[in-house]
Amino acid sequence: MFNHDLENVYNLNEDAVIAAIEKYFTEDEDACRCGVCIEDVFALSLNNMPAKYIQNYFGARDPERLVDTVQIERSVREAIEQVGKHPHHE
Ligand SMILES: [Zn+2]
């Protein structure tokens with residue numbers, strides 16, 4: 001096994017998805033905000049689009065340019081709807 005931790009490599013879409021979830025949760029008072037549903041929406045949103053992995057020290061100067069906001073917002077809206085219809089919470 002190599003001796004290097006990979007914490008500097010991350011999916012740029014994660015922060016953008018969190019921001020979009022906060023935005024749509026603010027607009028949608030009916031959406032369940034329990035931990036299970038929030039995790040489901042987060043995972044589903046990220047799975048529904050190509051990942052955007054970068055190394056922390058390269059290319060992060062202009063992250064907005066690398067993230068497709070329209071695709072992210074659509075993906076999050078769809079995920080909230082889907083999780084609302086088929087929640088995994090008790
Ligand atoms: Zn829930």
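Figure 1. The model is predicted. Its mean pLDDT is 89, and 91% of the residues reach 70 or more. Four helices and two strands make up the elements of the protein. From the N terminus on, their order is β-α-α-β-α-α. Along the principal axes, the C-alpha atoms fill a box of roughly 45 × 35 × 20 Å. The protein has 90 residues, and 17% of them are buried.

Figure 2. Where pLDDT is low, predicted coordinates should not be read in detail.

**Figure 3. Helix α2 and its buried residues.** The helix has 13 residues. From its first C-alpha to its last it reaches 18 Å, close to the 18 Å expected at 1.5 Å a residue. Asp40, Val41, Ser45 and Leu46 are the buried residues of α2. They pack against three elements: β1 (9-11), α1 (13-27) and α4 (69-85). An α-helix has 3.6 residues a turn, so residues three or four places apart point the same way.

**Figure 4. Glu39, an exposed residue of α2.** Glu39 lies in helix α2. It counts as exposed because 12 C-beta neighbours lie inside 10 Å, and the cut-off for exposed is 12 or fewer. Asp40, by contrast, is one of the buried residues of α2. Glu27 and Glu39 are 12 residues apart along the chain. Their C-alpha atoms are separated by 18 Å.

**Figure 5. The crossing of α1 and α4.** The two axes come within 9 Å. They cross at roughly 55 degrees. The helices α1 and α4 are therefore oblique to each other. The crossing is right-handed. On the α1 side, the contact is made by Asn13, Ala16, Val17, Ala20, Ile21 and Tyr24. On the α4 side, Thr69, Ile72, Glu73, Val76, Arg77 and Ile80 take part.

**Figure 6. The crossing of α2 and α4.** Here the axes come within 9 Å and cross at roughly 135 degrees. That angle makes α2 oblique to α4. The crossing of this pair is right-handed. From α2, the residues in contact are Cys37, Asp40, Val41, Leu44 and Ser45. They meet Ser75, Val76, Ala79, Ile80, Gln82 and Val83 in α4. Asp40, Val41 and Ser45 are among the buried residues of α2. Val76 and Ile80 of α4 also take part in the contact with α1.

**Figure 7. His86, in the segment after α4.** His86 follows helix α4, in the segment after it. The residue is exposed, because 8 other C-beta atoms lie within 10 Å and the cut-off is 12 or fewer. His86 and Cys37 are 49 residues apart in sequence. In space, their C-alpha atoms are 9.7 Å apart. Cys37 is one of the α2 residues that meet α4.

Notes. Residues numbered from 1 in each chain as written. Predicted model: local features only at pLDDT ≥ 70, side-chain atom pairs only at ≥ 80, totals over all residues. pLDDT = per-residue confidence, 0-100. Buried ≥ 20, exposed ≤ 12 C-beta atoms within 10 Å, placed from the backbone. Expected span 1.5 Å × (residues − 1). Contact = placed C-beta atoms within 7 Å. Axes fitted to C-alpha atoms, helices over the stretch in contact; angles between N-to-C directions. Parallel < 35°, antiparallel > 145°, perpendicular 65-115°, else oblique. Left-handed = near helix turned anticlockwise from the far one by under 90°.
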